[in-house]
Amino acid sequence: MAEIVYPPVIAAARTLFRVLDVRFHLEGTEHVPRTGGAVLVSNHISYLDFIFAGFAALPSRRLVRFMAKQDVFEHRISGPLMRGMHHIPVDRGAGAGSYATALRKLKAGEVVGVFAEATISRSFTVKEIKNGAIRMAQATNVPVIPVALWGSQRMWTKGRPKALTQRHVPVTIIVGEPMHPKRGEDVNAHTTDLHDRLTALVDRAQRTYPEIPPGVWWQPAHLGGTAPTPEEAAAMDAAEAEARAKKE
């Protein structure tokens, strides 16, 4: 397919990050295959995560097609960009269509990006994850590539004001070893394994991050930060979902 939009968007992002002196640490990028389909699964801590998770695949010269909420595609600014980059809209009320689209792209040798937690983690720990990534990999016989992001939440995350122009923010991107779930194997067991791998990668990214100040909002509670605990975050998510349901 023609790539008219994606390369300029990447170039613009790289230029902006150079201007802002975003300090990247990338590790394990050799695990992203240079050819063939793959499901890239990242933790989700920021509205910018699709950019940084996509950076994990650039050393392998791959473009990632992310599955994202339909709302993003309907926005007057982000919508044309998302469609131009051939990302995959997800309608939560009719998910079968987006799932089928993802399978077609995987069978065609594309890398499909998934945020298996579905929503941003307010606690900055890995929430319960969906099994869709494993099911897609099994159906198309492609690997699952876990990716940990850390630092992006400082720029723009749920419940906090944007800070897109702050300088010198370190961003860690760690790519884990591929998983190879096979058709007929236990989906739930593989999903648990994926959750454990993501959790370990995120923990390593957090503990090796160059800035670990105590008491900051962007640090998880178990590492001395003031982010909500997983239990508090779950209650906040439930209240938000209830409020959204009442509006609908």
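**Close-up views of a predicted model**

**View 1. Glu211 and its salt-bridge partner.** With a relative accessible area of 28%, Glu211 is partly exposed. The model shown here and in the following views is predicted. Glu211 and Arg154 are joined through their side chains by a salt bridge, with an N to O distance of 2.9 Å. Glu211 belongs to the loop between helix H7 (187-207) and helix H8 (230-247), and Arg154 to the loop between strand E6 (144-150) and strand E7 (170-175), so the pair ties together parts that are 57 residues apart in sequence. Arg154 has a relative accessible area of 12%; because buried means under 20%, Arg154 is counted as buried.

**View 2. The pair Arg65 and Glu3.** A salt bridge connects Arg65 with Glu3, and the closest N and O atoms of the two are 2.3 Å apart. Arg65 counts as buried, at 3% relative accessibility, whereas Glu3, at 26%, counts as partly exposed.

**View 3. The pair Arg23 and Asp21.** The side chains of Arg23 and Asp21 form a salt bridge, at 3.1 Å from N to O. Both partners are partly exposed: Arg23 has a relative accessibility of 46%, and Asp21 has a relative accessible area of 27%.

**View 4. A network of salt bridges.** Five residues, Arg122, Lys127, Lys158, Asp237 and Glu240, are linked in a network of salt bridges. In the whole structure, a search finds 12 salt bridges.

**View 5. The backbone at Phe124.** Phe124 is not a glycine, yet its phi is positive, at about 65 degrees. Most residues other than glycine have a negative phi. The loop between strand E5 (111-114) and helix H6 (132-140) contains Phe124. Phe124 is buried, with a relative accessible area of 3%.

**View 6. The backbone at His168.** His168 is a residue other than glycine with a positive phi, near 65 degrees. His168 is located in the loop between E6 and E7. Is His168 buried or partly exposed? At 33% relative accessibility, His168 counts as partly exposed.

**View 7. The whole protein, for orientation.** Eight helices and seven strands are present in the protein. Along the principal axes, the C-alpha atoms fill a box of roughly 45 × 40 × 40 Å. The radius of gyration is 17 Å, which agrees with the value near 18 Å that a compact globule of 248 residues would have. Of the 248 residues, 46% are buried. Of the contacts between residues at least 6 apart in sequence, 74% join residues at least 24 apart. The accessible surface comes to about 12,200 Å², and carbon and sulfur atoms account for 56% of this area.

Definitions and conventions. Residues are numbered from 1 along each chain as its sequence is written. This is a predicted model: local features need pLDDT of at least 70, side-chain atom pairs count only at pLDDT 80 or more; totals for chains, interfaces and linings use all residues. Side-chain values use heavy atoms; hydrogens and water are left out. Helices (H or I, at least four residues) and strands (E, at least two) are DSSP runs, numbered from the N terminus. The radius of gyration is taken over C-alpha atoms; the globule rule is 2.2 Å times the number of residues to the power 0.38. Buried means under 20% relative accessible area, exposed over 50%, partly exposed in between (1.4 Å probe, protein chains only). Contact means heavy atoms within 4.5 Å. Accessible areas come from the Shrake-Rupley method with a 1.4 Å probe; for residues, only the protein chains shown count as cover. A salt bridge is a side-chain nitrogen of Lys or Arg within 4 Å of a carboxyl oxygen of Asp or Glu.
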